[in-house]
Amino acid sequence: MALSSFDIDAPRWDQSTFMGRLKYFFSVTDCRTALLPDSRLDEAKALVESCRAGSIPPGTTEEQLYFAKKLYDSAFHPDTGDRMNLIGRMSFQVPGGMAITGAMLQFYKTVPAVVFWQWVNQSFNALVNYTNRNAASPITPKQIGIAYATATSTALATAVGLNLYTKKAPPLVARWVPFAAVAAANCVNIPMMRQQEILNGIAVTDENGNKLGHSTKAAVKGITQVVVSRITMAAPGMIILPIIMQRLERYKFMQVRRSPAPLLVFMVPAACSLFPQRCSIAVSKLEPELRDSIVSQCGDSVQYVYFNKGL
């Protein structure tokens, strides 16, 4: 293929299949990209933008273009093109999530420890949710504060309540308390952090990217998928790992805490791959006003609209 006609935004893998999305997210969630300096990321962005403009530097190989796109997708927001903060990037989920998940699974027996680590986890989640929101729907600092406080309170209430309730339960049940708290908080944190999309709708386009309006139903669908993905991301490490730890700790030489890193390395891209990043919804399922507007503009030529669901 001649590089002069290289479409850098064309998916390298088929995004309509789970395996295609899995390969893509294994690439962009590679935690090694989080170690690269901003100058290297900016170089990658410049190369991507040059390719989009049809001006590829002489001597550039196809593999260099793919690698530049990998860095670009891992570090820059798809809506704004701005570089995302390091901690909020999906490529930071493995080291960041590993440390916090390990701490929640280890320090779960006392209320102060539960409160502290759930607060740390929800602070981390709030930053990730804000970073990976659909940036076409702005959110005010006040709304961010309310979302953060609500999600943190939900996580703490769930964790402390279940911690006290399971005092006399088998040890394995008590180990699952952190997951219940994380799942409950995700159901609050993500919708609250992206409340503007639910209230005012999310931008939807036709297949060619032409904006057709805003839809609250599309926003609800996208946010629901993100919630499911996030809970799935946490489930193996916080459900399976306690079972393994419970069985191994009967042996003295194994009485150390197991790291959730191996599960997280796989589950971050796998959970992100459950649903397409470019989500779609049938025109027939949109709000009547928007549906009528699309039909009047495009007739029956547009059957589905598309939007960025966020991560």
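Twelve named positions make up the buried side of helix α5: Ala113, Val114, Gln118, Val120, Asn121, Gln122, Phe124, Asn125, Ala126, Val128, Asn129 and Thr131. Buried means under 20% relative accessible area, exposed means over 50%, and partly exposed lies in between (1.4 Å probe, protein chains only). Helices (H or I, at least four residues) and strands (E, at least two) are DSSP runs, numbered from the N terminus. Helix α5 covers residues 111-131, which is 21 residues. From its first C-alpha to its last, α5 reaches 30 Å, close to the 30 Å expected at 1.5 Å a residue. The expected span is 1.5 Å times one less than the number of residues.

The model is predicted: local features need pLDDT of at least 70, side-chain atom pairs count only at pLDDT 80 or more, and totals for chains, interfaces and linings use all residues. Residues are numbered from 1 along each chain as its sequence is written, and side-chain values use heavy atoms, with hydrogens and water left out.

The protein has 311 residues, and 47% of them count as buried. Its secondary structure comes to 12 helices and 4 strands. Contact means heavy atoms within 4.5 Å. Among contacts between residues at least 6 apart in sequence, 75% join residues at least 24 apart.

The loop between α3 and α4 holds Gly88. Gly88 is buried, at a relative accessible area of 0%. Val128 is one of the buried residues of α5. Residues up to four places away in sequence aside, Gly88 touches Leu127, Val128, Thr131 and Asn132.

Ser91 also has its place in the loop between α3 and α4. Ser91 is buried, with a relative accessible area of 1%. Neighbours within four places in sequence are again left aside. Ser91 is then in contact with Val28, Thr29, Asp30, Cys31, Thr33, Ala34 and Ser74.

Val28 and Ser74 also take part in the meeting of α1 with α3. Two packed helices are described by the angle between their axes and the distance between the axes. Axes are lines fitted to C-alpha atoms, for helices over the stretch in contact, and angles run from 0 to 180 degrees between N-to-C directions. For α1 and α3, the angle is about 80 degrees and the axes are 8 Å apart. The two helices are therefore roughly perpendicular. Angles of 65 to 115 degrees count as roughly perpendicular, under 35 as roughly parallel, over 145 as roughly antiparallel, and the rest as oblique. On the α1 side the residues are Tyr24, Ser27 and Val28; on the α3 side they are Lys70, Asp73 and Ser74. By class, this contact has 2 nonpolar, 2 polar and 2 charged residues. Ala, Val, Leu, Ile, Met, Phe, Trp, Tyr, Cys and Pro count as nonpolar, Asp, Glu, Lys and Arg as charged, and the others, Gly among them, as polar.

Side chains of opposite charge can pair when their charged atoms come close. A salt bridge is a side-chain nitrogen of Lys or Arg within 4 Å of a carboxyl oxygen of Asp or Glu. The count by this rule is 9 salt bridges. One of them pairs Arg12 with Glu63, at 3.5 Å from N to O. Arg12 lies in the segment before α1 (18-28) and Glu63 in helix α3 (residues 62-75), so the bridge ties together parts 51 residues apart in sequence. Arg12 is partly exposed, at 40%. Glu63 is partly exposed too, at 48% relative accessibility.

A salt bridge also joins Arg83 and Asp38, at 3.5 Å from N to O. Arg83 lies in the loop between α3 and α4 (93-106) and Asp38 in helix α2 (residues 38-52), so this pair ties together parts 45 residues apart in sequence. Arg83 has a relative accessible area of 36% and is partly exposed. Asp38, at 38%, is likewise partly exposed.

Arg40 is partly exposed, at 28% relative accessibility. Salt bridges that share partners join Asp9, Arg52, Lys69 and Asp73 into one network.

Thr224 lies in helix α10 (residues 216-248). Thr224 is partly exposed, at 42% relative accessibility. Its C-alpha atom is separated by 8.9 Å from that of Ile190, 34 residues apart along the chain.
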